[in-house]
Amino acid sequence: MKFLIVGLGNFGNEYAHTRHNIGFDVVNAFVQKHQGHFHVDRLAYMAEIKWKGKIFICICPTTYMNLSGKAVKYWLDKEKISIENILVIVDEIALPLSKLRLRPGGSDAGHNGLKSLQEILGTKDYPKLRFGIGNNYPKGHQSDFVLSKWRKEEEPLVKLKIEKAVEVIENCAVLGITAAMNLVNNQEFSL
């Protein structure tokens, strides 16, 4: 059983650990937890993890957010992974910082990375884990907000949610998406 785990974000130091790059941070945490290592490969940083009889191809695309679909399509095809065995981790301003939401499909909700995936894959029906980042910004400053770093007081909760998101990846593979959704979607995370 093979899975493609995709963290959405922008590569480059100026984007590291911003709200928009939480997908990268979650996939990095998953790879580190399972003693894996990323290397530069075609269109992405890639790591392969073997755990509980399953193979996880973990990618952080190097195509920039709005071209993420190219990297995802390449790795799906190269590794011959079916679309229901993909999990895309993405930042979500429509969710408060206290929430994670796992769904087997759903719209791009205006997210450029998801828009690219939907265009290139030709479907919106693939699993997504949305990491709530909140929407605490003045009108017209959305892009400044998503590209900014976490505030000091947010960091402990972000760290906790990254650990929970890693568990979601594991639960999707071991228990299936329905059980994983039941475990995470109604939780309110706090310290």
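**Strand pairing, pockets and a loop residue**

Strands S6 and S7 (residues 128–132) pair in the antiparallel sense over four bridges, where pairing requires at least two DSSP bridges between two strands. The model is predicted, so local features need pLDDT of at least 70 and side-chain atom pairs count only at pLDDT 80 or more, while totals for chains, interfaces and linings use all residues. Residues are numbered from 1 along each chain as its sequence is written, and side-chain values use heavy atoms, with hydrogens and water left out. Helices (H or I, at least four residues) and strands (E, at least two) are DSSP runs numbered from the N terminus.

In a regular strand the side chains alternate between the two faces of the sheet. Across the pairing, Arg101 stands opposite Arg130 in S7.

Turning to the pockets, these are open sets of points on a 1 Å grid over the protein atoms alone, where a 1.4 Å probe fits and with protein on both sides within 12 Å along at least five of seven lines; lining residues have an atom within 4 Å of a point. The largest pocket has a volume of about 460 Å³, taken as the space filled by probe spheres set on the points, which are joined across faces, edges and corners. Its lining comprises 21 residues, with His17, Phe24, Asp25, Asn28 and Ala29 nearest the centre. Helices H1 (22–33) and H5 (155–175) are the elements that give two or more residues to this lining, and H1 gives the most, with six. By class, nine lining residues are nonpolar, eight polar and four charged (nonpolar: Ala, Val, Leu, Ile, Met, Phe, Trp, Tyr, Cys and Pro; charged: Asp, Glu, Lys and Arg; polar: the others, Gly among them).

The second largest pocket has a volume of about 300 Å³. Of its 15 lining residues, His20, Gly110, Asn112, Gln142 and Val146 lie nearest the centre. Strand S5 (86–92) and helix H4 (142–146) each give two or more residues to this lining, with H4 giving the most, three.

Finally, Asn136 lies in the loop between S7 and H4 and is exposed, with a relative accessible area of 54%. Asn136 touches Phe145 and Arg151, not counting residues up to four places away in sequence; contact means heavy atoms within 4.5 Å.

Conventions: Buried means under 20% relative accessible area, exposed over 50%, partly exposed in between (1.4 Å probe, protein chains only).
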